[in-house]
Amino acid sequence: MDERALKPRYREQPVLLPYGKVGIVTRPVGGGEHDGTAVLILNTGIIHRVGHHRMYVTFARQLAESGFTVLRFDLAGIGDSDRRPGELSPVDAALADVRETVDWLEKNSRIRKVVLVGICSGANLALLYGGRDERVVGVSIIDPTMPPTIKYYFRELLRYSHRRTYWRVVRRRCALAAAAWFARGNAVRSAEIVDTRLGDKAIRRFL
């Protein structure tokens with residue numbers, strides 16, 4: 001058997017990022033960074049940096065074997081990362097976490113460009129941050145929140161209004177929307193849950 005096949009073609013290193021965030025950098029053996037570009041993997045909801053069924057671990061190692069530097073890290077308050085001090089909103093705090101992590105990569109390596117990877121809320125965060133930083137040269141997203149339009153609701157009404165179960169769904173939506181409105185009005189929100197939904201009017205204008 002070829003001994004080279006048994007040797008990993010990547011190396012991993014735990015890192016401590018600003019404000020107590022914890023990450024794992026996976027690099028190709030012998031450097032070989034692709035054009036100074038790194039891949040930055042974002043949390044999905046409150047799932048920490050290993051991802052669903054350790055998918056981000058496998059993904060990071062495969063990318064590193066192809067010559068890319070990959071950083072997967074926990075946003076503040078998720079996984080092994082400390083909570084962020086201060087009074088930033090959850091979304092602003094998450095955006096700051098990403099910016100600080102990109103800054104760290106640029107300062108501590110030859111990285112000058114990043115590609116953001118995210119699923120669900122991680123995809124939302126990648127969209128929100130990607131247009132604000134010239135160092136972001138691409139995003140790879142799965143299942144982001146797509147803000148529904150009036151046409152969407154109209155077509156939904158035509159298609160499903162004859163079903164009794166549809167109106168139960170509508171009542172549940174209204175109850176959830178009312179609860180969310182009440183929670184925002186009373187500042188009842190966990191610091192660990194990053195609400196990155198894209199339906200807010202200001203966010204929709206930005207997108």
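Author: Begin with what pairing is: two strands pair if DSSP finds at least two bridges between them. This is a predicted model, and in it β5 and β6 run parallel, joined by six bridges. Within that pair, Val 114 stands opposite Val 136 in β6.

Reader: How are strands held to each other in general?

Author: Strands of a sheet pair through backbone hydrogen bonds, in either the parallel or the antiparallel sense. Here, β3 (residues 37–41) and β4 (residues 69–73) make a parallel pair over four bridges. Ile 41 stands opposite Arg 72 in β4.

Reader: What is the order of the strands in the open sheet?

Author: The six strands of the open sheet follow the order β1-β2-β4-β3-β5-β6, and the pairing is mixed. β1 (10–17) and β6 (136–142) are at the edges with a single partner strand each, so one side of each has no neighbour in the sheet. From one strand to the next, the twist averages 20°.

Reader: Which strands does helix α1 touch?

Author: Helix α1 (residues 55–65) packs on the sheet and touches β1, β2 (21–28), β3, β4 and β5 (113–119). The direction of α1 makes about 165° with that of β4.

Reader: Which helix forms a β-α-β unit with β5 and β6?

Author: Helix α3 (residues 121–130) does, and the unit is right-handed.

Reader: Why is α3 described as largely enclosed?

Author: A residue counts as buried under 20% relative accessible area. Nine of the 10 residues of α3 are buried, so the rest of the structure largely encloses this helix. Among them are Leu 125, Leu 128 and Tyr 129.

Methods
Residues are numbered from 1 along each chain as its sequence is written. This is a predicted model: local features need pLDDT of at least 70, side-chain atom pairs count only at pLDDT 80 or more; totals for chains, interfaces and linings use all residues. Side-chain values use heavy atoms; hydrogens and water are left out. Helices (H or I, at least four residues) and strands (E, at least two) are DSSP runs, numbered from the N terminus. Axes are lines fitted to C-alpha atoms, for helices over the stretch in contact, and angles run from 0 to 180 degrees between N-to-C directions. Contact means heavy atoms within 4.5 Å. A crossover is right-handed if, with the strands pointing away from the viewer, the path from the first strand over the helix to the second runs clockwise. Buried means under 20% relative accessible area, exposed over 50%, partly exposed in between (1.4 Å probe, protein chains only).
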